[in-house]
Amino acid sequence: MFCSVLTLGAAGQRPAGTPAVKPDPNRQDWAELFNGKNLDGWTPKFSKHDLGENFNDTFRVENGSLAVRYDKWTKFDGEFGHLFYKDPYSYYRLVAEYRFVGPQVAGGPGWANRNNGLMLHSPAPKTMLKDQDFPISIEVQLLGGHGDGKPRTTLNLCTPGSNVVYNGKLHTAHCTNSTSKTYDGEQWVRVEVEVHGDELVKHIIDGATVLEYTKPQIGGGNVAPVDPAVKVDGTPMTGGYISIQAETAPIEFRKIELLNLEGCMDPKAASYKAYFVKANPQMCR
């Protein structure tokens with residue numbers, strides 16, 4: 001039997017004249033924001049503390065999960081925390097898998113029990129004042145049920161220092177419930193958010209859209225204190241930084257991944273992807 005063998009040249013290079021294989025434009029290039037090993041690429045910010053201080057070792061990696069722990073706290077005194085990823089994004093799909101574990105820290109407010117959030121479109125964390133409680137952001141609120149048979153949806157919307165357009169009208173309510181079911185206990189929950197700049201935001205769970213809105217913009221209250229030079233009401237929120245919360249409830253994330261939807265939309269380019277929705281010619285090659 002005769003076998004034809006293609007021999008690679010030095011250092012694994014293709015022989016001269018061999019055509020290049022174009023990357024699959026449909027293959028999705030998901031980026032792991034959390035690598036399962038350490039907090040590289042993430043920076044904590046706690047109210048009443050300087051940027052970069054991981055107060056009471058709250059954010060840590062345990063058993064491959066990004067954990068929010070309160071075992072080193074004696075009580076809570078308003079030190080809301082957030083862990084920011086290093087890069088800003090504008091058009092993307094964000095996936096997180098989380099579960100609530102253990103009791104709330106002593107002194108935590110009742111509304112914060114089994115409560116966390118994915119904070120999107122924030123200004124740079126260095127713009128937060130030392131005592132600022134929350135970043136200006138769109139909060140994709142993560143909630144766990146209390147196990148009492150009462151409904152408590154997850155993937156809600158909260159708006160610290162922001163407003164959105166919902167059902168065609170400017171929406172100024174601080175929190176708006178989704179249509180999700182209730183997730184009790186310590187079960188893992190997989191959620192997704194699709195963000196198109198300030199054009200469209202979708203909250204998705206179990207393949208179904210449970211909340212949708214447009215035109216996020218700076219405005220409203222529920223964030224303090226804040227630099228007035230940063231909080232300019234009416235400013236469109238077209239992109240920004242992503243963070244997760246430490247809001248007095250122990251929680252674990254075993255996955256945080258992002259698919260960038262902004263890139264080269266020229267089908268002739270090697271870096272073209274069919275799923276991009278926002279063209280960035282500078283990313284073409």
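Tutor: One aromatic cluster here is formed by Phe-46, Phe-55, Phe-59, Tyr-70, Trp-73, Phe-76, Phe-80, Trp-111 and Phe-134. Keep in mind that this is a predicted model, where local features need pLDDT of at least 70 and side-chain atom pairs 80 or more, while totals for chains, interfaces and linings use all residues. Residues are numbered from 1 along each chain as its sequence is written, and side-chain values use heavy atoms, with hydrogens and water left out.

Student: Why is the pair of Phe-80 and Trp-111 called stacked?

Tutor: Their ring centres are 6.0 Å apart, within the 6.5 Å limit, and their planes meet at 25 degrees, under 30, so the pair is stacked.

Student: What makes Tyr-275 and Phe-276 edge-to-face?

Tutor: Their centres are 5.2 Å apart, and the 65 degrees between the planes is over 60.

Student: How do you know whether Phe-80 is buried or exposed?

Tutor: Buried means under 20% relative accessible area, exposed over 50%, partly exposed in between (1.4 Å probe, protein chains only). Phe-80 has 10%, so it counts as buried.

Student: What about Tyr-275 and Phe-276: buried or exposed?

Tutor: Tyr-275 is buried at 15%, and Phe-276 is buried at 11%.
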